[in-house]
Amino acid sequence: MRGGCLKWAVVGWKMLKWAVTLTTGGLVWSNSFDDRVKKMNIVWAVLSFSALTSETDLHPPPSLSNAGLLLPRDPKDRTVQWVFLGSPGVGKGTYASRLSHLLGVPHIATGDLIREELSTSGPLSLQLAEIVNQGKLVSDEIIVSLLSKRLESGGAKGESGFILDGFPRTIRQAEILDGVTEIDLVINLKLSEDVLVEKCLGRRICSQCGGNFNVANISIKGENGRPGIYMAPLLPPTHCASKLITRSDDTEAVIKERLRIYNDTSQPVEEFYRSQGKLLEFDLPGGIPESWPKLLQALNLEDHDDKQPAAA
Ligand SMILES: Nc1ncnc2c1ncn2[C@@H]1O[C@H](COP(=O)(O)OP(=O)(O)O)[C@@H](O)[C@H]1O
């Protein structure tokens, strides 16, 4: 009985907030305010409305009205706004990080935002651990809220532009992003599934410096006209070697579930950007020494000073 009252009190509170949001959105609209702000208010209202139906979510709806998602649309007002798509283990983090150093824009990985949240002891962290350790996707509301906070704090530090890695992962996320800013380019990295599983199983992180390494030694012969692929391991320096840990979601069963979910959800996202003429498909020819120069060539970029560490 008490639980029921609490539930209805929460729903009532959310409805009130939703009504206020719609009213605010309407006021902003009638004042012919900036186009981005109008769309942001609509997105916030829609997300707030969907949060009304969620029994488990007792947190406020994601705050898309904050400064974080006030992103400039016009390319002349900002630096690059790129997105990396690709299956778990394909190397999005490595190449996104290298490009972010080269172009001087932040590399924002939603997986890292989740892991930061997991390292805290808040109630959200317990909820997230259960989802992530089953290889499932966290809700659009949670991920948008974490991304929004990250963009807001970056904006406060004067950051401009971004390379997103791991977002958007669903068509709804792609539409939310499209509603608040313009994406210039979407790079879709590809590798065959057998290589992806081996790469995920070989991933290691230094628990001290956070460096990413890979102990897998991949050598797959070409068959039926398909080229073979060779990827040397990315071994850690000696001071990291004794501190390596494996991500809790990099077990074979969880990797396979993540790949299955990725295959189920990625096509509409790819199609969304393909239809906008923004999708660059890139088949990785091998490890970093083979792939990095080819990726730069495909992007019409040059790296005269390639002093980046092998692992991102
Ligand atoms: N955009 C997103 N939407 C939903 N869940 C996400 C998103 N980004 C990351 N996650 C969650 O964080 C986990 C780790 O993400 P990530 O580090 O990008 O791993 P990977 O690409 O190797 O699966 C995912 O399995 C998922 O549970």
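**A ligand and its surroundings in a predicted model**

Guide: The side chain of Lys 92 has an N or O atom 3.2 Å from an oxygen atom of the ligand. This is a predicted model, in which local features need pLDDT of at least 70 and side-chain atom pairs count only at pLDDT 80 or more, while totals for chains, interfaces and linings use all residues. Residues are numbered from 1 along each chain as its sequence is written, and side-chain values use heavy atoms, with hydrogens and water left out.

Visitor: What makes a pair of atoms a polar contact?

Guide: The two must be N or O atoms within 3.5 Å; within protein, one must be able to donate a hydrogen and the other to accept it, and residues adjacent in sequence count only if both atoms are side-chain atoms. The 3.2 Å of Lys 92 lies within that limit, so the pair qualifies. A polar side-chain atom of Arg 115 is 2.9 Å from a ligand oxygen, and a polar backbone atom of Lys 136 is 2.6 Å from one. The protein covers 96% of the 540 Å² of accessible area that the ligand has on its own (Shrake-Rupley method, 1.4 Å probe; for residues, only the protein chains shown count as cover).

Visitor: How many residues surround the ligand, and which are the closest?

Guide: There are 20 (a residue is near if one of its heavy atoms lies within 4 Å), and the closest are Thr 110, Lys 136, Gly 166, Arg 169 and Arg 258. Helix H4, residues 110-118, gives the largest share of this shell, four residues. Helices (H or I, at least four residues) and strands (E, at least two) are DSSP runs, numbered from the N terminus.

Visitor: Why is Asn 188 called buried?

Guide: Buried means under 20% relative accessible area, exposed over 50%, and partly exposed in between (1.4 Å probe, protein chains only). Asn 188 has 2%, which is under 20%, and is therefore buried. This residue is found in strand E4, residues 185-190, and its side chain makes a polar contact of 3.4 Å with that of Glu 270. Asn 188 also touches other residues, including Leu 85, Tyr 262 and Phe 282 (contact means heavy atoms within 4.5 Å).

Visitor: Why is Asp 264 called exposed?

Guide: Its relative accessible area is 53%, over the 50% limit, so Asp 264 counts as exposed. Asp 264 lies in helix H10.

Visitor: Why does Asn 224 count as exposed?

Guide: Its relative accessibility is 81%, which is over 50%, and Asn 224 is therefore exposed. Asn 224 is in the loop between E7 and E8 and has a positive phi of about 45°, although it is not a glycine.

Visitor: What is the form of the peptide bond from Phe 167 to Pro 168?

Guide: That bond is cis, with omega near 0°. Pro 168 is in the loop between strand E3 (162-165) and helix H7 (171-180).

Technical notes. Lists of a residue's contacts leave out its neighbours within four places in sequence.
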